[in-house]
Amino acid sequence: MTNTNLFGVYGAGGFGREVMPILSRFAAQSYPIGTWRTVFVDDAAAGDANGQYSVMTLGEFAKAEAQSREIVLAVGSGELRQKLADKCTDTGVAIGALTAPNAMVLDNVTFGQGAVLCPFSMVTSDTVIGDLFQANIYAYVAHDCIVGDRVTLAPGAKVNGNVEIGDDVYVGTGALIRPGQPGNRLKIGAKAVIGMGAVVTSNVEPGAVVVGNPAKAMVR
Ligand SMILES: CC(C)(COP(=O)(O)OP(=O)(O)OC[C@H]1O[C@@H](n2cnc3c(N)ncnc32)[C@H](O)[C@@H]1OP(=O)(O)O)[C@@H](O)C(=O)NCCC(=O)NCCS
């Protein structure tokens, strides 16, 4: 029986390569030398990534000799994260959460499974967050928010206080969402996409794609 604790980053793309060093540092700080290993898991790529890590398929990861195994989902699409999560469940691989050492979570915040908080991201106080959440670098969610499942915050996305975000919402790089009010949250409907740099000043309809300042539905 091996004593290896195996950690996987599911997704060997750009985001996965940003998550890998965070996971490796976590493992190095939590387990003695020689008792842990980090690998990429990617059903498309093979061989190695970054020249330093091997890439396994999920099937290989599930069967590799290990004392324990856990995987972090590292793709930017919430829909794809759900598909990967379902594959992990089917294969019996546990999905882990990961918080960068300098990310901050303040008081009374709850997360569903598998949240990834990148460096300099923050969730402040009294906020509820669903499954498979992802906050990229410098993104934040402030106080008294309700955030659905599979929500993705791109780098520097700013969700201010008293905002309700539906399932499968994508908030683009540097977007700003105006605070709602106590008892009257500003609402971003499910599956909406907030474009890079948008300034959202009022409710966003489910499925809308909004851009600009003030943010308006994109005309296609
Ligand atoms: C809003 C968005 C989803 C639209 O994507 P798209 O449908 O592929 O749009 P296109 O690139 O075809 O652009 C269509 C038009 O909208 C404009 N546009 C695109 N994104 C815009 C934005 N964020 N703000 C203002 N205008 C934007 C384009 O300039 C183009 O204008 P034109 O028709 O006058 O030339 C996308 O541009 C975006 O902002 N995505 C977020 C990306 C991000 O933050 N990624 C983070 C990776 S970690």
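Leu 132 is found in the loop between β12 and β13 (134-135), where helices (H or I, at least four residues) and strands (E, at least two) are DSSP runs, numbered from the N terminus. Residues are numbered from 1 along each chain as its sequence is written. The model is predicted, and local features need pLDDT of at least 70, side-chain atom pairs count only at pLDDT 80 or more, while totals for chains, interfaces and linings use all residues. The protein is divided into domain 1 (5-96) and domain 2 (99-211), with bounds that come from an automatic or database domain assignment.

**Backbone details in the loops**

- Phi of Leu 132 is near 55°, which is a positive value in a residue other than glycine.
- Leu 132 is buried, with 27 other C-beta atoms within 10 Å; a residue is buried if 20 or more other C-beta atoms lie within 10 Å of its own, exposed if 12 or fewer, and partly exposed in between, with C-beta atoms placed from the backbone.
- Asp 126, in the loop between β11 (122-123) and β12 (127-129), also has a positive phi although the residue is not glycine, with a value near 60°.
- Asp 126 is partly exposed, and 16 other C-beta atoms lie within 10 Å.
- The peptide bond from Asn 213 to Pro 214 is cis, with omega near -5°, and Pro 214 has its place in the loop between β24 (209-211) and β25.

**Strand β1 and its partners**

- Five of the six residues of strand β1 (residues 5-10) are buried, so that the strand is mostly covered.
- Strand β1 runs parallel to strand β5 (residues 68-73), to which six bridges join it, and two strands pair if DSSP finds at least two bridges between them.
- Within that pairing, Leu 6 has Arg 69 in β5 as its bridge partner.
- Strand β1 also pairs in the parallel sense with strand β2 (residues 36-41), over six bridges, and here Phe 7 stands opposite Thr 38 in β2.
- A right-handed β-α-β unit is made by β1, helix α1 (residues 14-30) and β2; a crossover is right-handed if, with the strands pointing away from the viewer, the path from the first strand over the helix to the second runs clockwise.

**Where the domains meet**

- The C-alpha centres of domain 1 and domain 2 lie 25 Å apart.
- In domain 1, 13 residues are in contact with 11 residues of domain 2, a contact being two residues whose C-beta atoms, placed from the backbone, lie within 7 Å.
- On the side of domain 1 that touches domain 2, the elements that give two or more residues are α1, β5 and α3 (78-91).
- Helix α3 gives the most to this side of domain 1, with five residues.

**The sheet of eight strands**

- An open sheet with mixed pairing has eight strands in the order β7-β10-β13-β16-β19-β22-β24-β25.
- At the edges stand β7 (98-99) and β25 (216-217), each with a single partner strand, so one side of each is left without a neighbour in the sheet.
- Strand β16 (residues 152-153) and strand β19 (residues 170-171) run parallel and are joined by two bridges, with Val 171 in β19 as the bridge partner of Leu 153.

**Around the ligand**

- The ligand is surrounded by 13 residues, of which the closest are Ala 154, Gly 172, Thr 173, Gly 195 and Val 211; a residue is near a molecule or strand if its C-beta atom, placed from the backbone, lies within 6 Å of it.
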